[in-house]
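Dear colleague,

Please find the sequence and the structure below. I would be grateful if you would read the notes that follow alongside them.

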Amino acid sequence: MQKDIIINASEYETRLAILEDSKLVELLVERPESERMVGDIYKGVAKDILPGMQAVFMDIGLEKNAFLHVSDIGLAYEARARHKQGRIEDVVTKNQEILVQVIKEPMGTKGPRVTSELSIPGRYSVLVPGGKEVRVSRKIVSRIEKKRLKDLAAQLRPKDCGLIVRTVAEGKTDKELKSDIRDLFRLWDKIRKQAQRKKAPFLVHKELEMTSGIMRDLLTPEVTNVIADSKKEYHNMISYLRTVAPNLRSKVRLYQDKVPLFDIYNIESEIDKMLDRRVWIKKGAYIVIDQTEAMVTIDVNSGRYVGRSDQEATILKVNLEAAKEIARQIRLRDIGGLIVIDFIDMESRENRRKLYEEFRKAMRNDRSKGSILPVNEFGLIEMTREKIRPSLMHAFSEPCPTCKGIGRVLSVETLATRLERWFSRAKLVSPVRRYKIAANPQLHVFLSDGKDSRVKKLSRQFRLDIEVVEDKYLPVEKYRIFSLEENLEVTDLYRT
């Protein structure tokens, strides 16, 4: 399988796409105002202890308090060690200061979820302060290699720390693993000392930013290419790899052509489809994806596809195609929590087994933890998938003010970055240098507010004369672009 990592970065947004055999399967987006928190370590203060929920709300210095459940409190705490099944009030006291790590980002009205069982990931291993176990990734299949790595990790394990050996450590030398563990312990020692110096609440350690984190976790010899269109991101990656994996630097390339990088790989069109409820498969069949607060439901429809053989064989064919596309959409949209998939009913038990195996196979490369139940008598597959951050639908859209949150519209940030990409394309092929953007009041304020407004930056970036005017009759996610030199609308000429 060919695996490529494509990175598009601008001042306002960094997008990282993972392609498998030229097909988009994962998209990660990071914006300055919503940086990722999972992995960050805070020194927090216990504020509200809730015996009924067996949890405590921790002040970690954010707008919303973090949620710490008794099951996420490490055995390093003496009280927890005495009461392995103990009550929260036996473990934590009000105003107690605790070192915690974010395991789930804030979602909606909820603050982040945290744990006191810290883990610090490196290139080849993960250090678990307070732990004692040594474990090796289950994805390493060779028993001899597993034993070698486990024995080596047991020798190198720092005092009062556990170790997890990662998949990428397979075949690595003793020296490489020793260096990785040494660096992790130095980092932990620095975190511990910093936590002792200052009074809670405060951020003790920030996890690597998105691009470096992906280089650490995903860049292996199996990855074919890593391509970035930002010099800053490119140099950051090269600098990081120079230390941890110098042999992989040749896989990283800087893209400098004028055609937008995501257009070259047809990623932009796939992103546009991500907000659609309906996803077409083949020959008229389609799936419908509905996300609610409690669960996500996915419905498979044969549509216009009728097939040429008997009905059962036709249904199986549609279901198998749907299973592959559903697995891709789940990963691509980063759908988590409880997921119920309603496939087309099949009479044959053997066909239901084939469908289950096909779906499990399609989900094999998913990096998130989850469990999948076999097809039941109603033709449903029920599954759970780790939910550590809001899905991409929430990153790209916001509640619709017209329908009071029942539906969603594109956010002003997304509309503004679309405009940036529109002018990037226009600059390549059009001689026009003077444009006017008609925008709804919300988008107009976002683009024109401030001395160094977004539209002024856009004008400087592309060396164009761009003005923005308010049109209160435009829907919230619509805008119109006019060529002032030709006196005509050009919105659809270079649409993203």
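This is a predicted model: local features need pLDDT of at least 70, side-chain atom pairs count only at pLDDT 80 or more; totals for chains, interfaces and linings use all residues.

Residues are numbered from 1 along each chain as its sequence is written, and side-chain values use heavy atoms, with hydrogens and water left out.

Helices (H or I, at least four residues) and strands (E, at least two) are DSSP runs, numbered from the N terminus; two strands pair if DSSP finds at least two bridges between them.

An open sheet of 6 strands with mixed pairing has the order E16-E17-E18-E19-E21-E20. At its edges are strand E16 (278-280) and strand E20 (370-372), each pairing on one side only. From one strand to the next the twist averages 20°. E16 is antiparallel to E17, with 3 bridges; Trp280 has Tyr286 of E17 as its bridge partner. Helix H9 packs on this sheet, touching E16, E17, E18, E19 and E21, and its direction makes about 150° with that of E18 (contact means heavy atoms within 4.5 Å; axes are lines fitted to C-alpha atoms, for helices over the stretch in contact, and angles run from 0 to 180 degrees between N-to-C directions).

The largest nonpolar core has 30 residues, and Ile287, Ile298, Ile326, Ile330, Ile341, Phe343 and Phe359 touch the most other members. Such a core is a set of buried Ala, Val, Leu, Ile, Met, Phe, Trp, Tyr and Cys residues joined through side-chain atoms within 4.5 Å, where buried means under 20% relative accessible area (1.4 Å probe, protein chains only). H9 gives the most to this core, with 8 residues. Leaving aside residues up to four places away in sequence, Phe359 touches Ala323, Ile326, Ala327, Ile330, Ile341, Ile372, Ile381 and Met383. Another core, of 25 residues, lies apart from it and includes Leu99 and Val136.

E24 (residues 434-439) runs parallel to E25, joined by 6 bridges.

Finally, the axes of helix H12 (residues 412-429) and helix H13 (residues 441-448) come within 10 Å and cross at roughly 65°.

Yours sincerely

Terms used: Buried means under 20% relative accessible area, exposed over 50%, partly exposed in between (1.4 Å probe, protein chains only).
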